Amino acid sequence: MKNFAITVSAIAMLAGTAHANPEAEVLHWWTSGGEAKSVAVLQQEFADNGGTWTDMPVAGGGGDAAMQALRARVLAGNAPTAVQLKGPAIQEWYEEGVLADISAVAEAEGWADVLPASIAGHMKCDGSWCAAPVNVHRVDWIWANADVLESNGIAMPNTWEEFNAAAEKLQAAGIIPLAHGGQAWQDATVFEAVALGILGPDGFRKAFVDLDEATLTSPEMVAVFDQMRTMRGFVDPNFPGRDWNLATAMVMNGEAAFQIMGDWAKGEFLAAGKAPGEDFLCASVPGDGFLYNVDSFAMFAVDGDDKQAGQALLAELIVGQNFQKVFNLNKGSIPARTDVSLDDFDSCANLSADDMAASNEGGSLLPSYAHGMALRGAQSGAITDVVTSHFNSDMSSEDAVAQLAAAVANSM
Amino acid sequence: MSVKFLEDHLPKLMLAPSFIAMLIFVYGFIGWTAWVSLTRSRLLPKYELDGIIQYERLFASLRWDTAFSNLFIFGGLFIVIAMILGLILAIFLDQNIRSEGAIRTIYLYPMALSMIVTGTAWKWILNPGLGLEAMVRGWGFENFTFDWLVNPDMAIYTVVLAAIWQSSGFVMALFLAGLRSVDGEIIKAAQIDGIPNWRIYSAIIIPSMAPIFLSAFIVLAHLAIKSFDLVIALTGGGPGFSTDLPATYMFAMAFSRGDIGQAASSAMVMMGVVFAIVVPYLYSELRVKND
C-alpha cells in the first residue's frame, strides 16, 4: 500500500467509471497570498493523482466564518470531505459523531513513526486516526531587529530578567522595546510565552492543558502576571487594536526592538526582503519548551466510494513528504513529519525543527493555549478574557490569578 | 361559492404566507433560542434541558458584567445626548435661516454611512499616534492628550461619540418635521401676546411634540441595543474587553468559542431589555386606540 495513490489511480484507469474516482470537497480558510499558494500545491497534487478537488474556501474571522459554514453543512447532513480544523476542536467534532476513521491510510503510511507523539495525539479520536497534520507553527518565538540590538550592545535574552534589563536599556535609548498589538489573541500569545518561561514545561502543562487549580492560583502564576505588568511598560502607548503584522513592521524598520509572535511573523520579514540572522534574529523565548500550533485537516464521515477514496488519497498526500515540504516552504512553518529534509529551509526553520525534536524527547513539546491547541474554545476564551483584561487595566496580579481560577471554573 | 369565498378570504390568504413566515422565523426562533439557553449546548445545539445553568454562568462572567453595564452607559448617553443635540439643531434650523436645505443635508448625511465606515473613520481620528492627538501635538501643544480610544476606562465613550455623530442628524430631521407640524396659529397668537421665543418653545412647541420624542427614543434605543458593527470597527471590543456590548459578547460566544448555550442566554437577556422598553410603548399606544 506504499503507493496507494498510484494504485487508486491505476484502478480508476483500468476500471473506467465503474470504480472509485477520488473526489474531495475541502473546506479551509487559507485564502491570502502565501496560504492560497500553499493550498494550490495540494490541489495540484490531488489532481495529478486522478482526483477531483472541489475547493470550498471560506475567508473571514480567523476561521470563524468557515466554522459557521461547517456547522450549517453538518446540521444539514452533508459534511465536506475534509475540513481545516485543529487541536481540541477535532475532538469536539468527533464527539458530535461526524468524523471518519482514516486509520487504514495512517497505518499503511506509518504516520505513528514519523509524527511526534504529542502532535499525533491531536490527530487521533479514541485511538483511531481522524485527522491529518499539515504543519507545525512554533508560537514561542522572539523576533528582533539585528541592527538595533547591535548598536545598543544587547544580546538575545536568555532569561526574563535579561529581557527586562535589555528593554530598559532600549527604552532609555528611545526605542520601543516590545512591538505589540493590543488584540486579545496577541495578549494571550505574549502571556503564554511568559508563562512557559516562568512556570516551566510541567507547570505550563498543568495550568493550560490540565487546568489544575493549584497551578492556576500558584505564586508562580502571580509572577507570570507580574511579568506581564512589567511588559506592559515596554510597549508604546498606541498599541491597542494594532494588527500583528504592523507590529512586525515596527521591528523591521527599527522603531521597536523585539516582538513575541509565532513564526508566521517570519513571512513578513522574508516578504520585505530581510534575511534571517542578518537583518532580523529569531530565538525561542526565555525558558525551556516548545509551543506548537499545528494546522490539520479533519476527515468527516462521507458516503460513497468516490468520496471515501478521495478522502484516503487526500490524507495520504497531506502527510506525504513532498507536500509537507513544499507547503511549509510557502507558509513559513516546518513539516509535521520529522523525516523531511530541511536543506531548503532557512535557519529559523531549522532551529525550530531541532528544538521540536529535542522537546519531543524531553517531554516539553506543548500545545499552544493561545492558538486553540491546548483547550476548547470556552476554556481558552475564559483565560484570554482575564489575561487581556489584566494587561489593559491596572488590575493586581493577585486579583488576576483569583479571576483566572473563577473564570476557568465558570467556563466548564 | 368560489368567488364569494375569495372575496371574503382574499386578504387573509394574501397575508397568510408572511404571517406564517413571521411566526416561524421570528417567534419560532425566539422560542428555539429560549430552549437552547436552558441546555448545555456547546459546539452544536443540544435539546436536553438543564435548568438555568447558562444564566448562572452568564451572570458570573466578568466579561458579561462589562458588556451589560456598557449597554446602559452607551445606551443612556447615546439616546439622551443624540436627542438633545438633535433638538437643538432642529430648533436652530427652524429659525428660517438661509440655505436651510443644504445645512439639513450636511447634518443628515452621516446617517447614510454604514456603521463600519463611521467606526473606521473615528478609529483613525481618535488614534493618538495618527489622529487628533498627533495633529494638535504637531501644532506645538506637546502636552495635549486625547487618548480615550486606548484608555480602557474611557474607550466606551468614544463609541458613544461616534454613534452620536452618526445619528443626531437623523434625530434632527425627526424633530424638524415635528416642529413644522405644530399649528402656526397657536405660535402666532403667542407671539402677539408678546411671549418670548424660548417660552414658546418650552411651553408650547416641545410639549406638543411628545409623540416625536417617543418615536425618536424607540428608534435610538433599538439602535443602541443591537449595536455591533460600530464597536467591531471602532475598538474591536478593546482595549481588553472594555468596550464589549451584549451583541458582541453573544457573537463571540456563538461563533468563536463554540458556546452556543451561553450565546443563547445572553441573547435572551438582550431581548428582555428590548421588551422592557417596547412593551410599555406598545401598551400606551394600544390603550390610546382603545379609549
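**Why these words? A tour in questions**

Visitor: Which residues of α18(A) meet α19(A)?
Guide: On the α18(A) side they are A:Q379, A:A382, A:I383, A:D385, A:V386 and A:H390. On the α19(A) side they are A:A400, A:Q403, A:L404, A:A407, A:V408 and A:N410. These residues divide into seven nonpolar, four polar and one charged. Nonpolar covers Ala, Val, Leu, Ile, Met, Phe, Trp, Tyr, Cys and Pro; charged covers Asp, Glu, Lys and Arg; the others, Gly among them, are polar. "Contact" needs C-beta atoms, placed from the backbone, within 7 Å. Helices here are DSSP runs (H or I, at least four residues), numbered from the N terminus.

Visitor: How should I read the model and its labels?
Guide: This is a predicted model, where local features need pLDDT of at least 70, side-chain atom pairs count only at pLDDT 80 or more, and totals for chains, interfaces and linings use all residues. Residues are numbered from 1 along each chain as its sequence is written, while chains are lettered from A and ligands numbered from 1 in written order.

Visitor: Why is α18(A) called roughly antiparallel to α19(A)?
Guide: Their axes cross at roughly 155° and come within 8 Å. That angle makes α18(A) roughly antiparallel to α19(A). The bands are: under 35 degrees roughly parallel, over 145 roughly antiparallel, 65 to 115 roughly perpendicular, the rest oblique. Axes are lines fitted to C-alpha atoms, for helices over the stretch in contact, and angles run from 0 to 180 degrees between N-to-C directions.

Visitor: Which hand does the crossing of α18(A) and α19(A) have?
Guide: It is right-handed. That is the clockwise case; a left-handed crossing has the near helix turned anticlockwise from the far one by less than a right angle.

Visitor: What makes A:A106 buried?
Guide: A:A106 has 24 C-beta neighbours inside 10 Å, so it counts as buried. The cut-offs are 20 or more other C-beta atoms within 10 Å for buried, 12 or fewer for exposed, and partly exposed in between. A:A106 belongs to helix α5 (residues 103-109) of chain A. Beyond four places in sequence, A:A106 is in contact with A:W111 and A:W129.

Visitor: Why does B:N143 count as exposed?
Guide: B:N143 has 6 C-beta neighbours inside 10 Å, so it counts as exposed. B:N143 lies in the loop between α6 (132-138) and α7 (155-181) of chain B.

Visitor: How many of the residues of α12(B) are buried?
Guide: Nine of its eleven residues are buried. Among them are B:Y249, B:M250 and B:F251. Just after α12(B), B:G258 takes a positive phi of about 60°.

Visitor: Which residues make the contact of α3(B) with α10(B)?
Guide: α3(B) and helix α10 (residues 210-226) of chain B pack at about 145°, their axes 9 Å apart. The contact includes B:F74 and B:F78 of α3(B), with B:F217 and B:L220 of α10(B). By class it has twelve nonpolar, one polar and no charged residues.

Visitor: How many residues does each chain give to the contact between chain A and chain B?
Guide: Chain B gives 25 residues and chain A gives 25 residues. On the chain B side, α2 (53-60), α3 and α12 (246-256) each give two or more.

Visitor: Where does pLDDT stay under 50 in chain A?
Guide: It stays under 50 over residues 8-18. pLDDT is the predictor's confidence in each residue, from 0 to 100. Chain A has a mean of 88. Chain B averages 88, with 98% of the residues scoring at least 70.

Conventions
Contact = placed C-beta atoms within 7 Å.
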